[in-house]
Protein chains: 2
Amino acid sequence: MAVDERAERFLKACRGEPVDRTPIWIMRQAGRYLPEYRELRLRHAFMDVARDPSLIADVTLMPLRRFDLDAAILFSDITVPLAGIGIDFTIEENQGPVIQEPIRTAEQVERLRPFEPERDLPWVLEGIRRTRDRLEGRVPLIGFAGAPFTLASYVVEGRGKKDFRATKELMYSQPAVWHALMDRLAETVARFLRSQAEAGAQALQMFDSWVGQLSPEDYDSFVAPHSARVFRELQGAGVPLIHFGTDSAMLLESMARAGGDLIGVDWRIPLDQAWSRIGPGRGIQGNLDPCVLFASPELIREKAHAILRRAGGRPGHVFNLGHGILPGTPIESVTALIEAVHEFRADTQPGWL
Amino acid sequence: MAVDERAERFLKACRGEPVDRTPIWIMRQAGRYLPEYRELRLRHAFMDVARDPSLIADVTLMPLRRFDLDAAILFSDITVPLAGIGIDFTIEENQGPVIQEPIRTAEQVERLRPFEPERDLPWVLEGIRRTRDRLEGRVPLIGFAGAPFTLASYVVEGRGKKDFRATKELMYSQPAVWHALMDRLAETVARFLRSQAEAGAQALQMFDSWVGQLSPEDYDSFVAPHSARVFRELQGAGVPLIHFGTDSAMLLESMARAGGDLIGVDWRIPLDQAWSRIGPGRGIQGNLDPCVLFASPELIREKAHAILRRAGGRPGHVFNLGHGILPGTPIESVTALIEAVHEFRADTQPGWL
């Protein structure tokens, strides 16, 4: 039955099993491009939504009422665990999180508290439980967290991150402080993701959104061991793990070694080449440029099908954008994309690679 | 004699000839990290400097008084030809150029005037002549221009370019307007670069700084033909051509096909892998992360030598950062970097790749 297929499609693809059609979800699918989300945000500040289990469920479900998506993703933000470990921040409109006192010294790292999910973020875990209840198994729910490096870049820079200078300066000049900070963040991320799985998240994505700022050599020295620790500690969690980055074409081998059942890739590398770099035995998620959603439905379809042809019908592909959907994206474009992905049948397509 | 070697080192490397040591220059070497430049800018606005041949020469020569660099690069900005073709802009502090009326329609493109270097930018050409006079052959002078795509992204976006949405929307939705705009810009860039060579520039760099925002497929469709035209029209100019991009690991084959005697690469790809992608018969420029200059002299030396080992002593490598030097970079770091590059002898290094 179609409903059952939809419920299983995403998780099957994560496990590398054959599917009736390629599953699709969209990063930031519960976000500002949705009129109903913008309307809600007129009445509630971002952090008020992110701290209210009922509103978390409301927003998480919003895109599923409009679109034939194959997964839900928890409405939250990668910065939410920071307050629990003692890093104060505010979310500023059009600027993202601003850390009051950027973390740059050994003393500051030592003062960080261990993260306790049930103490620090009960509303997120309750939000997951309520969302699962309300989803009634229609599609799986994905939980997520920022990766240690991406969180570190926020807490070291403080605000803005144009060239990641402060982050790299800490890495290069005080490697012991850097690794101590990454240790704390890796522990935090692993605990947070595990608690999300225990609360009912059926897959977990770790966002290393800014990791593409690093040379491959620096990634291997300063990041990979900490990301690998997160995946190691989640091995018993029993849910698929997605390891996402952008600008990461030259890091894909290293990211795959660090862990993840699926590796997320952006549009800067053709999907088939990315999959070769990731290697056998793992899936891939991606990789349409979010800006394509500002084009015509015909071009959206053409570009989506080009990606699906590169995937070649091989099990283990989850369709997604290469980064979060942009504010201002037309609703009709999202509909057109999902239709284009779902209508595609690998075995009947001309121009097969 | 050492002075003669220094005068020839950069051009020899551009021609793929053996050199006594790897030449180095630094993108934005005449920029805000220099105290004497900041001091000058207290008295003169950016555009006042960029429009005064004598000040252009002063600033171009500033870094050469401090450092043992192997080339000078003209002090200017990639946006300077825009006013000549009828695109008004202002330079705003910490924001870069702001275009008053972003170009997004066929009518706007049709209204653009042909670029005439001697009419539109006489001060740049005179600045080149004066700089050459004052250099007295000590080191060669590099001229430059923005690439058609990078200029297009400025004039289409208007200000800021976080996700290049307007640029890509024009590309995808109005391809005829896009190609007409790129035609005009390619003509402008080719004329401007040729006039710089005629005025005395001894090498030319085309900056496609933002091209790494594109998928390889979009680069090939929307950018490569126009960049190739620029290089084709410069074939008779008789000076080496450098084709620079960032975030371009997956575009290197295409960029090399479009043209350039040297291809510039950032730090996101190891130099030897980049050179393999570029292919035989061409040189390479790069590729140290500018943030490394915030580390200790020891680490700067180690990272510079690692790049030189990857170059393997093969003729055709010009050392540079992977992008412009950052404001705030310590002067001592620049000295340390240049010493590290010049002291390196490929045939005596341990850890040879």
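Colleague: In this predicted model, how do the axes of helix H8 (residues 148-157) and helix H9 (residues 165-173) of chain B cross?

Modeller: The two axes come within 8 Å, and their crossing angle is roughly 105 degrees.

Colleague: Why is H8(B) called roughly perpendicular to H9(B)?

Modeller: Angles of 65 to 115 degrees count as roughly perpendicular. The crossing is at roughly 105 degrees, so H8(B) is roughly perpendicular to H9(B).

Colleague: Which residues make the contact?

Modeller: From H8(B) come B:Ala152, B:Ser153, B:Val156 and B:Glu157, and from H9(B) come B:Ala166, B:Thr167 and B:Leu170. Sorted by class, four residues are nonpolar, two polar and one charged.

Colleague: How many residues of chain B are in contact with chain A?

Modeller: There are 25 of them, facing 25 residues of chain A. H9(B) supplies five residues, the largest share of the side of chain B that touches chain A. That side has 14 nonpolar, four polar and seven charged residues.

Colleague: What makes the relation between the chains that of a two-fold axis?

Modeller: Chain B is superposed on chain A by a rotation of 180 degrees, with 0.0 Å of shift along the axis and an RMSD of 0.0 Å. That is the relation of a two-fold axis.

Colleague: How do you know that the copies meet through the same surface?

Modeller: Of the interface residues of chain B, 100% are also interface residues in chain A, so the copies meet through the same surface.

Terms used: Residues numbered from 1 in each chain as written. Chains lettered and ligands numbered in written order. Predicted model: local features only at pLDDT ≥ 70, side-chain atom pairs only at ≥ 80, totals over all residues. Axes fitted to C-alpha atoms, helices over the stretch in contact; angles between N-to-C directions. Helix = DSSP H or I, 4+ residues; strand = E, 2+ residues; numbered from the N terminus. Parallel < 35°, antiparallel > 145°, perpendicular 65-115°, else oblique. Contact = placed C-beta atoms within 7 Å. Nonpolar A, V, L, I, M, F, W, Y, C, P; charged D, E, K, R; others polar. Least-squares fit on C-alpha atoms with pLDDT ≥ 70 in both.
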